[in-house]
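Please examine the model displayed here together with its sequence.

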Amino acid sequence: MARGTGRGAGSFAPRSVDVARLAGVSQKTVSRVFNDEPYVSADVRRRVLDAAEQLGYRLNNAARALASGRTRSIGVVTLGTALYGPASLLMGVERVVRDTGYALRVVNTVEGDPAGVAGAVDSLLDQGVDGIVISEPIDEQTDGTAPSLRLDVPVLVFGAPPPVTAPTVLTAGHGVDLMARTATEHLLDLGHMTVHHLAGPQRWYAARDRLEGWRTALTAQGREVPAVVGGDWSAASGYRVGRELAEDGGVTAVFAANDDMAIGLIRALDEAGRRVPGDVSVVGFDDIPVAAYVTPPLTTVRQPFDAVAQDGLKRLVHAIENPKAEPLAPSGPPVDLVVRASTAPPPPSRKTRTRGPRTASRGARTSRPPLAREGPSTGH
């Protein structure tokens with residue numbers, strides 16, 4: 001069932017004249033009540049407020065209509081997380097909004113709350129925002145369904161949150177599957193017969209897109225599609241999966257759904273005596289700042305967070321300021337594969353190398369400190 005959100009759940013947004021008619025007062029009296037002007041009796045004030053609540057007419061919307069018609073503010077619904085991807089996208093949105101002269105209002109959702117998006121949207125509408133950005137990376141619906149949101153302001157969607165009904169619904173941030181396909185094709189072009197995939201948690205839309213891009217690249221070239229192994233975006237999960245993959249001598253190439261898992265994977269392979277890229281090539285995703293400085297420097301896909309934010313917000317502001325105009329067409333995100341030293345052609349033999357894990361000895365390089373098995377994830 002559709003959820004009513006915004007200035008009423010019906011087909012038409014209520015106006016001050018509707019509140020006046022229901023309360024049995026003049027439209028001027030409604031304005032006086034919402035402006036908290038004197039000379040309005042307590043009984044009349046109560047009737048107006050009751051009528052407004054019954055119709056879903058918001059006080060801030062009234063104030064907005066009485067002024068210039070807009071508050072010049074944009075609301076953002078985003079998951080409260082320090083993961084690199086969502087945090088970087090939010091930073092890009094903040095920079096763009098500031099440059100447009102609009103104020104930014106952010107409401108964070110909490111992972112595991114199916115009603116989080118709807119509640120966050122209600123909160124932003126209560127603040128009178130002129131447009132809303134929904135950047136919700138997780139599918140919180142356990143039964144395969146999602147509530148429909150009905151808003152009365154233009155909406156920009158990053159990813160694939162619940163269905164939205166609004167005057168204008170814009171989408172941005174697509175093309176992640178193409179980026180993942182490019183990463184996989186890079187490994188195939190080097191001569192690897194197939195590519196294994198270290199996937200992110202499948203409740204995340206981004207993890208699904210990257211898995212789909214990987215699978216599409218393999219099937220398009222008629223290659224074997226190995227079983228998917230999953231992590232939780234953390235380096236620790238990449239390390240655990242890497243210890244398993246290191247035992248399979250047939251593994252020569254791995255595409256990890258983010259850089260943190262790729263870094264943990266490389267550490268595990270190194271400890272097991274599997275050289276990167278001599279024995280196994282590894283590609284990550286995101287191009288986090290440390291990716292260029294690990295050993296070996298990580299080949300990865302750089303996400304165009306600023307470009308996506310710039311394109312999406314430009315189109316959202318256009319929709320806010322030109323409600324009767326056609327929406328601007330989206331720009332395709334660039335695919336930026338950053339090739340570094342973690343990828344190379346496959347070894348001549350696919351058999352497991354005979355040398356065992358590296359151990360410290362006199363005059364030998366000591367291994368790095370153990371990677372923490374648990375802890376917060378830092379990338380996405």
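The structure is a predicted model, in which local features need pLDDT of at least 70, side-chain atom pairs count only at pLDDT 80 or more, and totals for chains, interfaces and linings use all residues. Residues are numbered from 1 along each chain as its sequence is written, and side-chain values use heavy atoms, with hydrogens and water left out.

The secondary structure of the chain consists of 11 helices and 14 strands. Both are DSSP runs numbered from the N terminus, helices being H or I of at least four residues and strands E of at least two. Of the 380 residues in the chain, 49% are buried; buried means under 20% relative accessible area, exposed over 50%, and partly exposed in between, with a 1.4 Å probe and protein chains only. Among contacts with a separation of 6 or more, 74% are between residues 24 or more positions apart, where contact means heavy atoms within 4.5 Å.

Helix α2 (residues 27-34) meets helix α3 (residues 42-55) at an angle of about 90°, and their axes are 10 Å apart. Axes are lines fitted to C-alpha atoms, for helices over the stretch in contact, and angles run from 0 to 180 degrees between N-to-C directions. The two helices α2 and α3 are therefore roughly perpendicular, the term for angles of 65 to 115 degrees; those under 35 count as roughly parallel, those over 145 as roughly antiparallel and the rest as oblique. On the α2 side the contact is made by Thr29, Val30, Val33 and Phe34, and on the α3 side by Val44, Arg45, Val48, Leu49 and Ala52. By class, the residues of this contact between α2 and α3 are 7 nonpolar, 1 polar and 1 charged. In this scheme Ala, Val, Leu, Ile, Met, Phe, Trp, Tyr, Cys and Pro count as nonpolar, Asp, Glu, Lys and Arg as charged, and the others, Gly among them, as polar.

Grid points are joined across faces, edges and corners, and a volume is the space filled by probe spheres set on the points. The largest pocket has a volume of about 470 Å³. Its lining comprises 27 residues, of which Phe158, Gly159, Gly173, Val176 and Ala206 are the closest to the centre. Helices α5 (84-100), α7 (176-189), α8 (205-220) and α11 each supply at least two lining residues of the largest pocket, and α8 gives the largest share, with 5 residues. The lining of the largest pocket has 14 nonpolar, 8 polar and 5 charged residues. The largest cavity has a volume of about 30 Å³ and is lined by Thr168, His318, Ala319, Asn322, Pro323, Ala325, Glu326 and Pro327.

Threonine 109 lies in strand β3 (residues 103-109) and counts as buried because its relative accessibility is 6%. Beyond residues up to four places away in sequence, threonine 109 touches Val77, Thr78, Leu79, Gly80, Gly116, Val117, Ala120 and Glu136. Threonine 100, in helix α5, is partly exposed, with a relative accessible area of 28%. Leaving aside neighbours within four places in sequence, threonine 100 is in contact with Arg72 and Val317.

The loops hold several backbone features. A cis peptide bond with omega of about 10° joins valine 276 and proline 277, and proline 277 is in the loop between α10 (259-271) and β12 (281-283). Another cis peptide bond, with omega of about -5°, joins threonine 295 and proline 296. Aspartate 287 has a positive phi of about 60° although it is not a glycine, and is buried, with a relative accessible area of 11%. Tryptophan 233, in the loop between β10 (229-230) and α9 (235-245), has a positive phi near 85° and is buried at 1% relative accessible area.

Terms used: 1 Å grid on protein atoms, 1.4 Å probe; cavity = no way out; pocket = protein on both sides within 12 Å on 5 of 7 lines; lining within 4 Å.
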